[in-house]
Amino acid sequence: MKDNVRPKGNLLQTLQRGMEALTHVADSPDGLSVAQLADKLQVDRAIAYRIVATLEADAFVWRAANGNIFLGSAVLALVSSLEPQLRSIVEPELNKLAEETRATAFLSVARGMDAVAILVAESNSGLIRVGYRVGSRHPLTRGAAGIAILAGRAERPEDSDEVRAARRDGYSITRGQLQRGAVGIAAPLRLSGKRLVALEASIGVVALDDLDTEMAAPLLMNCAAQISQGFGGTSKLNNSKTV
C-alpha cells in the first residue's frame, strides 16, 4: 500500500493528515511547534515539516518568530465564504420553522462577544409579531440566541448556570431578556465536525408570551439537526435552557 493512501476507504492519507494538522493548530491558541505537531499526528518530524511547508505555501498556516504554527489568512477566507452559503441553505428551513411555530425565526452567529442576527423569517400567521431585524446584536450572555451559542462550546469553569442548563437540555429559553414580553428559544448549530472551518451559530424563534415553547422546542431542534447535518456536523446537539 502506498504511503499516500489510507489503508481503509478511499481517503488520501496525505490530504487527511493536512486536514488533521489544521485541526490541531486550530485547537492550540498559543500555536504548535513542528515537533508538537508531529507528535499529535504520530508522524516523523520530516513529514510534519513537509505538511507545514505545503500548508504555509497556500497561507493556510504561518510561522511566528519562535517557530510556532498558527492558522493563516486562507482559513479566514474559507470562514467568510461559509456564511453566505449558510444563508442560502438555512433560509427555506427558517421560513418553514417560522410558519410551524407561528413566530419570528432567526439565524444568529457569534462575532466577538456578541450574537448577531444574519437571517430572519417572519410567519404570515397572527396579527402581532416581535420585530427582529437582520444585524440585531446583543451579548452572548443574554438572550436565547447567545446562550445557545455558548452552550454549543466545550464546557468551561466560568459557564453560567443558564449555559450549563442550556447544554443539558438542548435548547435555550429566555423571557424578557432582550425585549419586554418576548419569549425566545434557540438551539446551537453544529456546522463543522472537526472545527476546521467552524462557524458558531444558533437558530431560534421569538414571539410574545403566547409562544407555545413545548410545541416549538422539538420543531426547533429538528430544524437545527437537519441544518447541522447538511453542513457535515452532527445531529446530536448540546443542550441549553435559560429562563
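Helices are DSSP runs of H or I with at least four residues, numbered from the N terminus. In this predicted model, helix α6 spans residues 161-169 and contains R167. The report first describes the sheet, then turns to the helices and the surface.

**The sheet**

An open sheet is built from 6 strands in the order β5-β4-β3-β8-β7-β6, with antiparallel pairing. Its edge strands are β5 (137-139) and β6 (172-175), each of which pairs on one side only. On average, neighbouring strands of this sheet are turned by 30° against each other, direction ignored. In general, strands of a sheet pair through backbone hydrogen bonds, either parallel or antiparallel.

Strand β3 covers residues 104-111 and is mostly covered, since 7 of its 8 residues are buried.

| Strand pair | Number of bridges | Example of bridge partners |
|---|---|---|
| β3 and β8 | 6 bridges | A105 and V205 |
| β3 and β4 | 7 bridges | V109 and V116 |
| β4 and β5 | 3 bridges | V116 and R137 |

Strand β8 comprises residues 201-208 and runs antiparallel to β3. Strand β4 comprises residues 114-121 and pairs with β5 in the antiparallel sense.

Helix α5 (residues 144-151) is mostly covered, with 8 of its 8 residues buried. Among the buried residues of α5 are L150 and A151. Both of these residues are contacted by R167: the side chain of R167 reaches the backbone oxygen of L150 at 3.3 Å and the backbone oxygen of A151 at 3.2 Å. R167 itself belongs to helix α6. R167 counts as buried because its relative accessible area is 14%, and the cut-off for buried is under 20%.

**The surface patch**

Nonpolar side chains also occur on the surface. L12, L15 and M19 form a nonpolar patch there, with about 290 Å² of accessible area together. One of these residues, L15, is found in helix α1 (residues 13-26). L15 has a relative accessibility of 53% and therefore counts as exposed, the cut-off for exposed being over 50%. R167, by contrast, is buried.

How values were computed: Residues are numbered from 1 along each chain as its sequence is written. This is a predicted model: local features need pLDDT of at least 70, side-chain atom pairs count only at pLDDT 80 or more; totals for chains, interfaces and linings use all residues. Side-chain values use heavy atoms; hydrogens and water are left out. Patches are made of residues with over 30% relative accessible area and no salt bridge: like charges are joined within 9 Å, nonpolar side chains (Val, Leu, Ile, Met, Phe, Trp, Tyr) within 5 Å. Accessible areas come from the Shrake-Rupley method with a 1.4 Å probe; for residues, only the protein chains shown count as cover. A salt bridge is a side-chain nitrogen of Lys or Arg within 4 Å of a carboxyl oxygen of Asp or Glu. Helices (H or I, at least four residues) and strands (E, at least two) are DSSP runs, numbered from the N terminus. Buried means under 20% relative accessible area, exposed over 50%, partly exposed in between (1.4 Å probe, protein chains only). A polar contact is a pair of N or O atoms within 3.5 Å; within protein, one must be able to donate a hydrogen and the other to accept it, and residues adjacent in sequence count only if both atoms are side-chain atoms. Two strands pair if DSSP finds at least two bridges between them. Axes are lines fitted to C-alpha atoms, for helices over the stretch in contact, and angles run from 0 to 180 degrees between N-to-C directions.
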